[in-house]
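Please look at the sequence and the model below with the following report at hand.

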Amino acid sequence: MNISQFQKDILAWYQEHQRILPWRIKISNPYHTWVSEIMLQQTTVPTVISYFHRFLERWPTVQELASASLDEVLHLWQGLGYYSRARNLHLCAKKIVEEFQGVFPEEEAQLKKLPGIGDYTAAAIRSIAFNKPSIVVDGNIERIISRLFLIQEQFPASKRTIKKYAAKISSNEFPGDYAQALMDLGSSICTPSNPKCYECPIQNHCKAKDRNPDRYPKREKKAEKPKRYGTLFWIENSKGEIFIEKRPEKGLLGGLMGFPTSEWATHRKKVTAPFKGKWKKSPTLISHTFTHFHLTLEILEGTTNETLPGLWVNQKDFGQHAFPTLMKKAIKIMNHPTSSSAATGA
Ligand code: SF4
């Protein structure tokens, strides 16, 4: 491959076709790049845009984010899923303020020591926010490189090979634009299926063009996600308030509010309710898909005035609490018992 011609072609295309995104402003701001990159992990650009605006409006600087409470951050994160990102974002803001006087470090090694920042995010911050040479490899870039060089190894075992090729062809002159150009190309032209090779600015450098590029990166068939089962307890008192509790900080949906549930087991088990009394089973089940498993919860509805270790909340005040999507599905079912609850997200 003629690397300098390749770089010229992709950068020329980017000048004309770059996406206008709120975190891409003329003067790069590492805080903006960092927040957007964390939000974009596992989430699409259209979804992230409105969250990014609200987040920046609420906490315009890393110092303001560091002073917020974790509950406030989780509350604003509601609906984005994968809440460990929000917890790490908050922790990372505190570290940047306490250990780096509020200034983002430029070196990848230092960035990677911060919570929630891995190889990719460190490289993205360094190249996009600081315009410093770095090898940025996200899912889009992995796909483009697998195709450009017709990599036959199975993905993800091929990640090391992909990174080697990425290092060979990356631009030291315009690192930020180059990384964003490949990301944009991957999202609009070199898409997972039906890539638009006929309008691709780097088609002359690509070995996969005319050779079924959809087949790259090569992947083994995905194993089916395992299933888990459990019970959610919807508990009401004589004032019509509903019982909610904070989930443990560590673990899935950690630190978020929710209704008590049984253990989520690999098979249906007999459950022990939080108190003795009459329980009514809802006719609708909650179906929810996490990254690593599908979850089905039945809902048991009960009434008590016992003291329980949590909060009694009027339903009209539910909006004041950070409920993950799974718990919002329970609320929807309990208010419209025949509604379907199947959806994906955390
Ligand atoms: S020519 Fe086709 S497969 Fe190759 S990089 Fe462009 S869009 Fe992707």
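Asparagine 212 is placed in the loop between α11 and β2, where helices (H or I, at least four residues) and strands (E, at least two) are DSSP runs, numbered from the N terminus. Its phi is near 55°, a positive value in a residue other than glycine. Asparagine 212 is exposed, with 9 other C-beta atoms within 10 Å; a residue is called buried if 20 or more other C-beta atoms lie within 10 Å of its own, exposed if 12 or fewer, and partly exposed in between, with C-beta atoms placed from the backbone. This is a predicted model, in which local features need pLDDT of at least 70 and side-chain atom pairs count only at pLDDT 80 or more, while totals for chains, interfaces and linings use all residues. Residues are numbered from 1 along each chain as its sequence is written.

Asparagine 131, in the loop between α8 (119-130) and α9, also has a positive phi, of about 55°, although it is not a glycine. With 16 other C-beta atoms within 10 Å, asparagine 131 is partly exposed.

Two peptide bonds are cis. One joins phenylalanine 155 and proline 156, with omega about 10°, and proline 156 sits in the loop between β1 (154-155) and α10. The other runs from tyrosine 216 to proline 217, with omega near -5°, and proline 217 belongs to the loop between α11 and β2 (218-219).

Proline 217 is also one of the residues touched by arginine 143, together with Gly186, Cys190 and Pro192, not counting residues up to four places away in sequence; two residues are in contact if their C-beta atoms, placed from the backbone, lie within 7 Å. Arginine 143 lies in helix α9 (residues 139-148) and counts as buried because it has 23 C-beta neighbours inside 10 Å.

| Helix pair | Angle | Distance between axes |
|---|---|---|
| α9 and α10 (residues 159-169) | about 85° | 10 Å |
| α9 and α11 (residues 175-188) | about 80° | 8 Å |

The angle makes α9 roughly perpendicular to α11, a term for angles of 65 to 115 degrees, whereas angles under 35 count as roughly parallel, over 145 as roughly antiparallel and the rest as oblique. On the α9 side, this contact is made by Asn140, Ile141, Arg143 and Ile144, and on the α11 side by Leu182, Met183, Leu185, Gly186 and Ser187. Towards α10, Ile141, Glu142, Ile145 and Ser146 of α9 meet Ile162, Tyr165 and Ala166.

Around the ligand there are 14 residues, the closest being Cys190, Cys197, Cys200, Cys206 and Pro213; a residue is near a molecule if its C-beta atom, placed from the backbone, lies within 6 Å of it. This shell divides into 11 nonpolar, one polar and two charged residues, where Ala, Val, Leu, Ile, Met, Phe, Trp, Tyr, Cys and Pro count as nonpolar, Asp, Glu, Lys and Arg as charged, and the others, Gly among them, as polar.

The chain has 12 helices and 10 strands, and of its 346 residues 32% count as buried. It is divided into domain 1 (3-139 + 156-188) and domain 2 (227-344), with bounds that come from an automatic or database domain assignment. Nine residues of domain 1 are in contact with eight residues of domain 2.

Methods: Axes fitted to C-alpha atoms, helices over the stretch in contact; angles between N-to-C directions.
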